[in-house]
Amino acid sequence: MTDSRSAADIKAHLEDVSVKLSRTATWSGIETQASYGPNDLPDHDYARDSGDPGEYPYTRGAYPQMYRSRMWTLRNIVGYGAPADTREAIAGALKMGTAGINVVLDTLSQEAIDPDHPALSADAGQEGCSLPTVRDLEVLLEGIDVTQTDVAWHSTMMVYPLVVAMVRKQGKDLSKLQGSHMPDHLQLRLGGWSEAIVPAELGHRTTVDCIEYSVKHSPRWALGCPQAYDLRERGLPASGEIAVGMAIAKQTLRDLAARGLGVDRVAPSMAWVSGSDIDFFEEIAKFRALRRVWARTMREQFGSQDARAQRLRIACHTSGRSLVYPQPLNNLSRAAVQTLAALLGGVQSLETCTYDEPICIPTEEARELATRTQQILAHEVGAARTADPLGGSYYIEALTHRVEADALELLGKIEAIGLVKAVEEGTVEAIMDDYNYKIQGELDRQERILVGVNKFQPKAETPPKRFRFNQAHMESHLQRFKELKGSRDDVVLREKIDALYRVAHRRENAHAAMIDALLADGSIGEVWGTVRLATGLPYDPFRVLESPFGTPRL
Amino acid sequence: MSAGVTIRCLLGMLGTDVHSKGIRTLAQLLRDRGVEVIYLGEHNTADGMVSALIAEDADVIGLSFSTSTYVHYTRDLIERMKAAGVDDVPVMLGGLIHREDEAELRSIGVKGIFGPGSTTEQIVRFLEEVTGKRLSAGRDGFG
């Protein structure tokens, strides 16, 4: 060698590019062996623990033919600015080859706060679409028949009442309503909405109310519950996603059963909203363990006799938390691996995170690449060909058993306290905080390597492209909102608000009354604020506004 | 460690931002280092935060943002701190803070900016620098 560089230079260079085994535990923290064999599955019984795809306990997949009989739904998440802005983005996504539209709302709408809130107006339309009234929903979905087209709402508070109110206004048949939303309010409470915005008791009761109303009136509407994606992202290992999600699902099903709605009426409408994190094998094991836990719970604990209630459908969105800001194009690799794990894990719908997720809401280019990732996996890689392709692998089967066992252990602990109490007292949040703290410590000590973050940092980088949009639509949207508030039939609205207050005060299912108030052009902030008041909470969680209706008469 | 050299740090979030896992983890990591953290949590108004700052007599105020409106909220907070006569308290920002906004943030009075990739160590050094107080190392503080 005639290289003039010093030995030290070369060594430093090699250290920088070499690939080493830096960790033998999974990303969630399960210690693994160098190899696995039949001795690691001493009690595994194929018929009992796996079953063929489409057979109980559905470990190997929900359907016998899996993607040969029905492909997953390729979803694309859209939402920013005013309804008219998001309307344009939906049209663009459909043109790009997206089959399913998933609408995300701005943080105000997600918290059931109006866009004209004096302390918070700056947030209107910033991280999703502003959607405070039925009239805004009509603009957003103009020309889309919600009894024909599946629109998925990546949102919880007030969105279902808004959609139902629009269907009623249009004179359509509610029993034919298609689409889905995520009615899991406890997840919000745990995910940063906090007790101020979503108190645990009111939140959980609202989840149960919403599902009761939907199962009775719009049986084709799908319910993304539990919304375990955000729970996982907030700070849970793979097994923790199953544990906390199952705790929420089970408490919800028990409460619905007490209202006369049995598991076989409710569970077929439910879908698990899941993430797909970076540890490929662990995620595949998680999806398999999850279906098994679900099936056994429904049959053995809830007495389900209907396969549709026992066969879990999974709606997956790849992990946003796992993507990093430095050298963001690396997130394309991360998201591709996560997307593949979700497909080998047998999910029913799939959104691939855009590579710019840690930077801003998706640019159009990033959204297109996320779609292409799924198309490459579907058409070139062969990810859809054969159901549960890793089933029977000693490693995957052993991991599936381990994730399941860890999940059932934590689930038992939460249920021993009682779910709502465990949330109210901060036990579940403490589990999440401890997990995040442990991970941050490992990153700080380089016991866990995150490429570009605590090792292999890019040298010099130009700032990544940020999504920007023209605020003109937002200004007219806010103007229209204010005008609407001035032009409503106040007598009718007050009557509906008073009726809502009385129902909510009696702790009865307030959904019908919320829908009536929305139809009278009440806004989400006014309608939910009235429910809050009736529950003994401040009308405005930020304690800036008072109810424009005063305290209604009982 | 005597009470006299304690760094009191108020941590919280403004507006509708819900992504609190970062600031919650930071609160714990700073407590490990002996910082006395007053954790306000999510969903504060600027007025509420200024009141808490006065009531708690904090040495530093730390905000975390994952939403794009951080320049607006930070400017609003600092104006209200000025009006209340407490703008001598240094403000630090963390979370999804873009480099191209740093100059503007500094011009409105932000003293510390800890965007993606920042370490706990950098934040601890900043706290010592702006308060002129030295933390004793390790976990022997206010854990």
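Let's start with Pro57(A), which sits in the loop of chain A that runs between helix 2 (46-50) and strand 1 (73-78). The model you are looking at is a predicted one. In it, the peptide bond between Tyr56(A) and Pro57(A) is cis, with omega at about 0°.

Chain A has another cis peptide bond, between Cys225(A) and Pro226(A), and here omega is about 5°. Pro226(A) belongs to strand 5 (residues 222-227) of chain A. A further backbone detail to look up is Ala112(A), whose phi is near 55°, a positive value in a residue that is not glycine. You will find Ala112(A) in the loop between helix 4 and helix 5 (134-140) of chain A. As background, most peptide bonds are trans, and most residues other than glycine have a negative phi.

## How chain A is divided

Chain A splits into domain 1 (48-73 + 182-444), domain 2 (79-178) and domain 3 (489-554). Taken over C-alpha atoms, the centres of domain 1 and domain 3 of chain A are 33 Å apart. The two domains do touch: 8 residues of domain 1 of chain A are in contact with 6 residues of domain 3 of chain A.

Which helices of chain A each supply at least two residues of the side of domain 1 that touches domain 3? They are helix 7 (185-197) and helix 8 (200-217) of chain A. Helix 8 of chain A provides the largest share of that side, with 5 residues. By class, this side of domain 1 of chain A holds 6 nonpolar residues, 2 charged ones and no polar ones.

## Helix 7 beside helix 9

Two packed helices are described by the distance between their axes and the angle between them. For helix 7 of chain A and helix 9 (residues 228-235) of chain A, the axes lie 9 Å apart and the packing angle is about 25°. These two helices of chain A are therefore roughly parallel to each other, and helix 7 of chain A passes helix 9 of chain A in a left-handed crossing.

From helix 7 of chain A, the contact is made by Gln187(A), Leu190(A) and Gly191(A), and from helix 9 of chain A by Asp230(A), Leu231(A) and Arg234(A). Sorted by class, the contact of helix 7 with helix 9 of chain A has 2 nonpolar, 2 polar and 2 charged residues.

## Helix 8 across helix 10

Helix 8 of chain A packs with helix 10 (residues 238-258) of chain A: their axes come within 10 Å and cross at roughly 60°. That angle makes helix 8 of chain A oblique to helix 10 of chain A. Is the crossing of helix 8 and helix 10 of chain A left-handed or right-handed? The crossing of these two helices of chain A is right-handed.

On the helix 8 side of chain A, the residues that meet helix 10 are Thr207(A), Val208(A), Ile211(A) and Glu212(A). Their counterparts in helix 10 of chain A are Thr252(A), Asp255(A) and Leu256(A). The contact of helix 8 with helix 10 of chain A has 3 nonpolar, 2 polar and 2 charged residues.

## Where the two chains meet

The contact between the chains takes 33 residues from chain A and 27 residues from chain B. On the chain A side, helix 4 (107-110), helix 7, helix 9 and helix 18 (427-444) each supply at least two residues. Helix 7 of chain A gives the most to the side that touches chain B, with 6 residues. That side of chain A divides into 18 nonpolar, 8 polar and 7 charged residues.

## The sheet of chain B

Chain B has an open sheet of 5 strands in the order 2-1-3-4-5, with parallel pairing. Its edge strands are strand 2 (36-44) and strand 5 (112-114) of chain B, each of which pairs on one side only. Neighbouring strands of the sheet are turned by 20° against each other on average, with direction ignored.

Strand 4 (residues 91-95) of chain B runs parallel to strand 5 of chain B, and 3 bridges join them. In one of these strands, strand 5 of chain B, Gly112(B) is the bridge partner of Met92(B). Finally, helix 1 (residues 21-32) of chain B lies across strand 1 (8-14), strand 2, strand 3 (60-65) and strand 4 of chain B. Helix 1 of chain B runs at about 175° to strand 1 of chain B.

Key. Residues are numbered from 1 along each chain as its sequence is written. Chains are lettered from A and ligands numbered from 1 in the order in which they are written. This is a predicted model: local features need pLDDT of at least 70, side-chain atom pairs count only at pLDDT 80 or more; totals for chains, interfaces and linings use all residues. Domain bounds come from an automatic or database domain assignment. Two residues are in contact if their C-beta atoms, placed from the backbone, lie within 7 Å. Helices (H or I, at least four residues) and strands (E, at least two) are DSSP runs, numbered from the N terminus. Ala, Val, Leu, Ile, Met, Phe, Trp, Tyr, Cys and Pro count as nonpolar, Asp, Glu, Lys and Arg as charged, and the others, Gly among them, as polar. Axes are lines fitted to C-alpha atoms, for helices over the stretch in contact, and angles run from 0 to 180 degrees between N-to-C directions. Angles under 35 degrees count as roughly parallel, over 145 as roughly antiparallel, 65 to 115 as roughly perpendicular and the rest as oblique. A crossing is left-handed if the near helix is turned anticlockwise from the far one by less than a right angle, and right-handed if clockwise. Two strands pair if DSSP finds at least two bridges between them.
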